[in-house]
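Here's a quick tour of a model, going from its overall layout down to a few individual residues. Have a look at the fold before reading on.

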Amino acid sequence: MVKKIVDNKLMIRRFFLVMCDIVIIMVSNAMGLLLRFDLSPEKVDLKFINSVWSYVPINIVLTILIFYIFRMYHSLWRYAGVIEMQNVFSACVTASFVQFLGLRILQLHVPRSYYFLYGGVLLLLTIGSRFTYRYIRSIFRKGKNDGTIKNVMIIGGGSAANVLIKEITTSDHINNTVVKCIIDDDPAKQGSYIQGIKVVGTRHNIIECATLFNIDEIMIAMPSVSKKTVREIVTICKETSCELKTLPGVYQFMN
């Protein structure tokens, strides 16, 4: 029963993604011509319009098939990262090249610059549609927050912190929790951002930042550092009134 419900939800999501992509393909066709003629519809030659729109049904079918091959309808876009971005780019480039071949084979004439403009618009709209989903989802998650908000400081600006922030910001099981700042001793990371969260100082600024950002909980996300370093940081953290948690090292479970 549970599997059937999950499968139905996936089918509904994929259906809406396909419908969205069909709209994107049609808009990309139109914008490719309009951009070529400075967004002036009256300048567009009728033969170009006929060429593009007569090929649209074929283009839609082939593009959706290419998107499917590149797993555009299988990814969980709320966890999308570099791999998904590469898939989107590869799928759009392939779809644009296939359209180029199709129009040439069928001898449907369009301006040469149209192919690049179409591909660019297709790429931008496809990326936008996927990552707009993440943005809308984050807005809804913030709306679900009720009661007291827990402000979190993360110590460590590496891969573990990146994973931890993503889990806090995307998980349906973590509510009323906001990452306010990151602490890291690396001078090169000072002032930089990890998923929109700023690295605000080193271990020497922990107490100050805990007060400044009204921190309720400190999470130590440095699984690869020595136990001595962790103990030193824990000692500093205990001078605050914050709840303290330490992320265990992944390699501890592999030994």
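Predicted model: local features only at pLDDT ≥ 70, side-chain atom pairs only at ≥ 80, totals over all residues.

Residues are numbered from 1 along each chain as its sequence is written, and side-chain values use heavy atoms, with hydrogens and water left out.

**Layout.** The chain has seven helices and six strands, taken as DSSP runs (helices: H or I, at least four residues; strands: E, at least two) and numbered from the N terminus. Read from the N terminus, the order is α-α-α-α-β-α-β-β-β-α-β-α-β. Of the 255 residues, 38% are buried, meaning under 20% relative accessible area, with exposed over 50% and partly exposed in between (1.4 Å probe, protein chains only). Among contacts (heavy atoms within 4.5 Å) with a separation of 6 or more, 73% join residues 24 or more positions apart.

**Cores.** A nonpolar core here is a set of buried Ala, Val, Leu, Ile, Met, Phe, Trp, Tyr and Cys residues joined through side-chain atoms within 4.5 Å. The largest one has 28 residues, and Phe67, Leu103, Tyr114 and Leu122 touch the most other members. Helix 1 (2-36), helix 2, helix 3 and helix 4 (112-144) each supply at least two residues of this core, and helix 2 gives the most, with eight. Leaving aside residues up to four places away in sequence, Leu103 touches Ser51, Tyr55, Leu108, Val110, Tyr114 and Tyr115. There's also a second, separate core of 17 residues, including Cys181, Ala210, Ile218 and Val234.

**Helix 5.** Helix 5 (residues 159-170) has 12 residues and reaches 16 Å from its first C-alpha to its last, close to the 16 Å expected at 1.5 Å a residue; that expected span is 1.5 Å times one less than the number of residues. Its buried residues are Ala160, Ala161, Leu164, Ile165, Ile168 and Thr170. An α-helix has 3.6 residues a turn, so residues three or four places apart point the same way.

Is Asn214 buried or exposed? Asn214 is exposed, because its relative accessible area is 54%.
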